[in-house]
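Welcome, and please take a moment to look over the sequence and the model below. We will then walk through the structure together, one region at a time.

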Amino acid sequence: MGADQKERMRGLLALAMWADSAMSAAAMLHIETRGSGPAVVVLHGTPQDPDSFLDTLTGVTLHVVHLPGYGRSSSSVPISDMQAVERAIEEACEQRGIESPVLVGCSGGAYRALSIALHGRMSLAGLGLVGGFAGLAPEHRAALRQMADLFEQGHDMSEPLRAAMFSEGFVKREPERAQRYVEATLASAPPRILADDLRAAADAPDLGPRLRPLTIPVQLAVGELDAATPLAYSHVLATGLDVELQRVPAVGHLLHLEAPSVWQAIIDALVVERSMR
């Protein structure tokens with residue numbers, strides 16, 4: 001075998017190993033599927049219980065991705081590696097035959113969904129961003145790193161999570177439901193994974209300079225009382241993507257729990273626009 005042939009064989013072997021690694025990584029991501037209808041893929045937040053999205057939508061096939069280390073997903077893909085997780089999501093959807101879905105992200109999941117849409121490797125029928133951001137202010141990044149340290153040190157993070165996730169009105173009206181959500185989120189992944197996910201968000205590159213109008217339908221919404229991702233972040237998205245921002249009054253970070261009818265309407269609008277294309 002000549003030198004050129006050996007080099008070509010090495011290249012083919014490397015490509016095969018990469019493909020096998022990508023398929024293995026994607027296979028480690030669990031995707032929970034419910035319902036029937038147009039495909040909607042949901043990416044949960046940072047941190048967030050992925051199962052909180054189950055049974056929140058009608059009229060669609062809902063695919064909830066469990067990010068690495070959360071729920072029923074392996075942590076073989078480091079949650080701290082934004083690009084690797086993004087590729088694993090794309091590969092997992094492809095392997096499961098989820099074609100041209102509406103992609104919806106909440107909070108940190110909105111950042112990941114936006115990045116996937118901007119990269120353009122995955123065919124999408126629409127994009128929904130709820131309580132999202134393109135980039136974080138320095139003080140916000142510092143706060144996330146501090147929260148990550150507290151998780152790793154074993155502190156009780158119930159109260160900080162409740163305050164960040166919900167409006168005060170919701171906690172007063174439904175204290176038990178808010179508490180169940182907090183407990184489920186804390187149990188959805190080991191403290192190390194929760195900490196690494198927070199640090200990944202803190203270190204994530206600013207997508208602001210890459211924002212541009214997209215060729216797919218986009219729905220953008222945020223609760224006016226969102227303490228986790230303030231309104232200013234959504235205004236940046238609205239300007240950069242050239243879309244209208246839906247501000248939901250008297251609602252905190254978790255639109256799908258505090259304002260389920262608005263959450264359903266966002267998805268319905270994307271599905272309708274998809275059918276008209």
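Gly128 belongs to strand 5, where it is found on one side together with Gly126 and Val130. Before going further, please note that this is a predicted model, in which local features need pLDDT of at least 70 and side-chain atom pairs count only at pLDDT 80 or more, while totals for chains, interfaces and linings use all residues. Residues are numbered from 1 along each chain as its sequence is written, and side-chain values use heavy atoms, with hydrogens and water left out.

Helices (H or I, at least four residues) and strands (E, at least two) are DSSP runs, numbered from the N terminus.

Is strand 5 (residues 126–130) mostly covered or mostly open? Mostly covered: five of its five residues are buried, where buried means under 20% relative accessible area, exposed over 50% and partly exposed in between (1.4 Å probe, protein chains only). In a regular strand the side chains alternate between the two faces of the sheet. In strand 5 both faces are covered, with Gly126, Gly128 and Val130 buried on one side and Leu127 and Leu129 buried on the other.

Strand 4, helix 3 (residues 108–119) and strand 5 make a right-handed β-α-β unit. Right-handed is meant in this way: with the strands pointing away from the viewer, the path from the first strand over the helix to the second runs clockwise. Strand 6, helix 9 (residues 231–241) and strand 7 make a right-handed β-α-β unit too.

Now for the aromatic rings. Rings of Phe, Tyr and Trp (its six-membered ring) pair if their centres lie within 6.5 Å; planes under 30 degrees apart count as stacked, over 60 as edge-to-face and the rest as tilted. By this rule there are five aromatic pairs. One of them joins Phe53 and Trp263, which are tilted, at 5.7 Å centre to centre with 45 degrees between the planes. Phe53 lies in the loop between strand 2 (39–43) and strand 3 (61–66) and Trp263 in helix 11 (residues 260–276), so this pair ties together parts that are 210 residues apart in sequence. Both Phe53 and Trp263 are buried.

The rings of Tyr111 and Phe133 have centres 5.4 Å apart and planes at 25 degrees, so this pair is stacked. Tyr111 is in helix 3 and Phe133 in the loop between strand 5 and helix 4, 22 residues apart. Tyr111 counts as buried at 4% relative accessibility, and Phe133 is buried with a relative accessible area of 5%. Ring pairs link Tyr111, Phe133 and Tyr233 into a cluster.

Next, look at the backbone. Most residues other than glycine have a negative phi, and most peptide bonds are trans. The peptide bond from Thr46 to Pro47, however, is cis, with omega near -15 degrees, and Pro47 lies in the loop between strand 2 and strand 3. Asp55 is found in the loop between strand 2 and strand 3 and has a positive phi of about 60 degrees although it is not a glycine. At 63% relative accessibility, Asp55 counts as exposed. Ser100, in the loop between helix 2 (82–95) and strand 4, has a positive phi of about 45 degrees and counts as partly exposed at 29% relative accessibility.
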